[in-house]
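Please read it with the structure open.

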Amino acid sequence: MEKILSIKDLSIAVKNRVLVQNISFDVCEGEVVLLSGQNGIGKSSILKSILRLETEGKHISGEIVDRCAGDILSLGNEALQTFRSRIAYVQQKDEYAEMGSIQVRDIISESGEIHSGRSLSYAEVNDLIDEWIPRRSDNSRIFDAKAKPAKFSGGEQRLLSVLAVIATRPQADLMIIDEPLNNLDFANARNISNLINRVVRENPRMALLMISHCRIFPFITREIKLTSDGVVDMDKPYTCHSCFGEPDDRGFYL
């Protein structure tokens, strides 16, 4: 399998505090990699460093090599933005509370425009919502294009964050997801797992790197654990827990 992302001797420090030190691992075509480890060990810092996000005040050394863009840490501004536009990235925190009159259409259309250069209409956004998110039992949408995320529950905000990336960049070479199930209830956690599973199945050459403490994802192919001594490839196969029910033989929850 061809390597899509290679991390070599990555170290991240803030002032005198070392977050991670000398971390190395690869992510290859077709792999769905779970990055596990205790809270505060530096998992999210690694994901942000891959995108070169929130770098102010940090010292980052080593190499983060994308197969198309080269070493991300050495890219100029324009090349960095091009790299980011190709990646499907879902950050850990949803930041809609202060957005006031911003609508769902604005969030999803902006994500699509960054990737494809084309904005989406209200009708197109509603079509994407219908394509990716099952309707409620009364046939109503969980949210529509004109809804305002600032008024959403935490779970609805999380669902929107994941949808905005997955629905507009389903054919990305690399998908990076940080804690996709934050604030989600039973039904929407299963929805998120199904959304990600669909993208993985429809794009078998894509690579996915994900952080999650909830082990409900049937499609994980490999787990690496971040420890204070570095990363460890887990010898045992990833075990999917049944706390959200049993998926079918294709990994989908019904």
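How many nonpolar, polar and charged residues does the lining of the largest cavity have, by class? The lining of the largest cavity has five nonpolar and three charged residues, and no polar residues. The model is a predicted one, and the values given here are computed from it. The residues that line this cavity are Ile129, Asp130, Ile133, Pro134, Arg135, Arg141, Ile142 and Phe143. Its volume is about 30 Å³, and the count of cavities of 30 Å³ or more comes to one.

**Open pockets**

| Pocket | Volume | Lining by class |
|---|---|---|
| Largest pocket | about 860 Å³ | eleven nonpolar, seven polar, nine charged residues |
| Second largest pocket | about 350 Å³ | seven nonpolar, twelve polar, four charged residues |

The largest pocket, with a volume of about 860 Å³, is lined by 27 residues, of which Leu53, Tyr89, Val90, Gln91 and Val165 are the closest to its centre. The elements that give two or more residues to this lining are α1, α2 (77-86), β6 (88-90), α3 (104-116) and α5 (154-166), and α3 gives the most, with four residues.

The second largest pocket has 23 lining residues, and those nearest its centre are Leu19, Gly40, Ile41, Gly42 and Lys43. Two or more residues of this lining come from each of β2, α1 and β9 (222-227), while β2 provides the largest share, six residues.

**The sheet**

Four strands make up an open, antiparallel sheet in the order β2-β1-β4-β5. The edges are taken by β2 (17-28) and β5 (70-71), each of which has a single partner strand, so one side of each is left without a neighbour in the sheet. Strands of a sheet pair through backbone hydrogen bonds, in either a parallel or an antiparallel way.

Within this sheet, β1 (residues 3-14) pairs with β2 over eight bridges in the antiparallel sense, and isoleucine 12 stands opposite valine 20 in β2. Eight bridges also join β1 to β4, again antiparallel, with isoleucine 7 opposite isoleucine 64 in β4. Between β4 and β5 the antiparallel pairing has two bridges, and valine 65 stands opposite aspartate 71 in β5. These two strands are joined by a hairpin through three residues.

**The helix across the sheet**

Helix α1 (residues 43-51) lies across β1, β2 and β4 (58-66), and runs at about 115° to β1. Seven of the nine residues of α1 are buried, so this helix is largely enclosed by the rest of the structure. The buried residues are Lys43, Ser45, Ile46, Leu47, Ser49, Ile50 and Leu51; Lys43 is also among the residues nearest the centre of the second largest pocket.

**Backbone angles in the loops**

Most residues other than glycine have a negative phi. Arginine 52, which follows α1, has a positive phi near 55°. Glutamate 54, in the loop between α1 and β4, has a positive phi near 50°, and glutamate 179, in the loop between β7 (174-178) and α6 (186-202), has a positive phi of about 50°.

Is each of these two glutamates buried or exposed? Glutamate 54 has a relative accessible area of 51% and is exposed, whereas glutamate 179, at 9% relative accessibility, counts as buried.

Definitions and conventions: Residues numbered from 1 in each chain as written. Predicted model: local features only at pLDDT ≥ 70, side-chain atom pairs only at ≥ 80, totals over all residues. Heavy atoms only, no water. 1 Å grid on protein atoms, 1.4 Å probe; cavity = no way out; pocket = protein on both sides within 12 Å on 5 of 7 lines; lining within 4 Å. Points joined across faces, edges and corners; volume = space filled by probe spheres on them. Nonpolar A, V, L, I, M, F, W, Y, C, P; charged D, E, K, R; others polar. Pairing = 2+ DSSP bridges. Contact = heavy atoms within 4.5 Å. Axes fitted to C-alpha atoms, helices over the stretch in contact; angles between N-to-C directions. Buried < 20%, exposed > 50% of the residue type's maximum accessible area, 1.4 Å probe, protein only.
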